[in-house]
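Please keep the sequence and the 3D view open while reading.

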Amino acid sequence: MAPFVPRVEGFDGLRDKVLVITGGANGIGAATVRLFHDHGALVVFGDTAVGAGQALSSSLGDRATFVSTDVTDYAANVTLFKTAFQKYGKIDHAVSCAGIMVPGADWFDDLSIESVEQPLPDIVLDVNLKAVAYFARVAVAYLKHRGDSVGGDSAKSLTFTSSDMIFCNTRRVPLYQVRSALGQAEKLPLNESPGLTYPKTSKSGVLTLARTLSTTSLSQHGVRVNTLLPNMTATQMWAPLLGLWHEQKLPVNQPEDLARFFAGLAMDEKAHGLAIAVTGGEGWDIEAGLRETMPTWCGPERAEALLAVGRLMG
Ligand SMILES: NC(=O)c1ccc[n+]([C@@H]2O[C@H](COP(=O)([O-])OP(=O)(O)OC[C@H]3O[C@@H](n4cnc5c(N)ncnc54)[C@H](O)[C@@H]3O)[C@@H](O)[C@H]2O)c1
């Protein structure tokens, strides 16, 4: 087990740093916007929730800029970074936080050779994975660009938001549990439960994207790449399930906990290639755990072979 405690003493490392973040109007993203702003950073944040975004930016003043942004639109990602760059001449940190969880039909429900002819919408993959790749591509270009940036060799960071649910092998959130947690007894058919196949697939893809980027030459440009994998966090996204979590006495993160981890990863110049699972406000580096236990989960000889392949492929 590799606990990770964000080193955020005084948050001094955030002063005058430029943060670009998506999903900044609500929940974890909004808490991160506030924390960076309150400790002297210059924040440019995008979201589709225009009302909430504008309200947050007005409450913070002119060091926080909201840009109406739909991350599924490649050009909108470019505009978001361009706005920050034109305003401040540099980007120090980029955080991809926008995400969705859509209850309803799962792609693999009730399949027959007749029903399979109707495609289902793939908005979850679009927002949670494809758009994250868009964001990452634009972020890499701006983070590598020196502009008038000052700071050490590893001063810049790109941080992704995955989910530790990807390691929990359940395909659904049974809605009857949600209802019963809300004090309503009825059970709903399985196909009315929020399907998790797509959200989990998308969030697994995000982790793989981050892991891959962390092995590229980005670090030569002083850009560190990390991932946060929140467990249940008290935001609007999972609000209907919170009662169940409390009833079962399961740990719950507050959005501010995640904001502290985003800040810690941005400021810690040694933090690179980490995948931090956060539960009940505490963090563990899954990458370190995977490395340490490799001989256990794939056998000692295979572990050696996999490591050799890794060295060979760079
Ligand atoms: N809350 C949890 O328990 C939990 C657990 C694991 C992972 N996460 C992840 O954390 C991140 C933040 O989630 P949250 O809990 O704060 O939820 P939230 O719903 O409070 O915030 C998500 C934000 O993303 C924005 N958004 C959605 N689609 C967008 C789009 N196309 N373009 C731009 N913005 C868009 C929403 O408007 C919202 O402001 C998400 O990526 C989510 O998947 C949350």
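**The chain as a whole**

The model is predicted. The protein chain has an average pLDDT of 87, and 87% of the residues score at least 70. Over residues 174-191, however, the pLDDT is below 50. That stretch still has 24 contacts in the model beyond near neighbours in sequence.

The protein chain contains eleven helices and nine strands. Of its 314 residues, 50% are buried. Among the contacts between residues at least 6 apart in sequence, 69% join residues at least 24 apart. The protein chain exposes about 15100 Å², and carbon and sulfur atoms supply 56% of this area.

**Around the ligand**

Which residues come nearest to the ligand? Of the 27 residues around the ligand, they are Ile28, Asp47, Lys203, Thr233 and Thr235. Sorted by class, the shell holds eleven nonpolar, 13 polar and three charged residues.

| Residue | Protein atom | Ligand atom | Distance |
|---|---|---|---|
| Asp70 | polar side-chain atom | nitrogen | 2.9 Å |
| Cys97 | backbone N or O | oxygen | 2.9 Å |
| Thr235 | polar side-chain atom | oxygen | 2.6 Å |

On its own, the ligand has 830 Å² of accessible area, and the protein covers 93% of it.

**Two buried loop residues**

Thr69 sits in the loop between strand E4 (64-68) and helix H3 (74-88). Is Thr69 buried or exposed? Its relative accessibility is 3%, and buried means under 20%, so Thr69 counts as buried. A polar atom of the Thr69 side chain lies 2.7 Å from the backbone oxygen of Val67. Leaving aside neighbours within four places in sequence, Thr69 is in contact with Gly46, Asp47, Thr48, Ala76 and Leu80.

Ser96 is placed in the loop between strand E5 (93-95) and helix H4 (123-144). Ser96 is buried because its relative accessible area is 5%, which is under 20%. Not counting residues up to four places away in sequence, Ser96 touches Thr22, Val132, Phe135, Thr159, Phe160 and Thr161.

**Two residues with positive phi**

Most residues other than glycine have a negative phi. Asp16 has a positive value, with phi near 60°. Asp16 is found in the loop between strand E1 (3-4) and strand E2 (18-22). With a relative accessibility of 40%, Asp16 counts as partly exposed.

Lys249 also has a positive phi, near 55°. This residue lies in the loop between helix H7 (239-247) and helix H8 (255-267). How does Lys249 count, buried or exposed? The relative accessible area of Lys249 is 74%, and the cut-off for exposed is over 50%, so Lys249 is exposed.

**Two residues towards the end of the numbering**

Glu282 belongs to strand E9 (residues 282-285). Its relative accessible area is 49%, so Glu282 is partly exposed. Which residues does Glu282 contact, leaving aside neighbours within four places in sequence? They are Phe261 and Ala277. Glu282 and Phe4 are 278 residues apart along the chain, but their C-alpha atoms are separated by 7.6 Å.

Met294 lies in helix H10 (residues 294-298). Met294 is buried, since its relative accessible area is 12%. Not counting residues up to four places away in sequence, Met294 touches Gly299, Ala303, Leu306 and Leu307. For Met294 and Leu307, the separation is 13 residues in sequence and 9.6 Å in space, C-alpha to C-alpha.

Technical notes. Residues numbered from 1 in each chain as written. Predicted model: local features only at pLDDT ≥ 70, side-chain atom pairs only at ≥ 80, totals over all residues. Heavy atoms only, no water. Near = heavy atom within 4 Å. Polar contact = N/O pair within 3.5 Å; in protein donor to acceptor, adjacent residues only side chain to side chain. Areas by Shrake-Rupley, 256 points an atom, 1.4 Å probe, with all protein chains shown as cover. Nonpolar A, V, L, I, M, F, W, Y, C, P; charged D, E, K, R; others polar. pLDDT = per-residue confidence, 0-100. Contact = heavy atoms within 4.5 Å. Helix = DSSP H or I, 4+ residues; strand = E, 2+ residues; numbered from the N terminus. Buried < 20%, exposed > 50% of the residue type's maximum accessible area, 1.4 Å probe, protein only.
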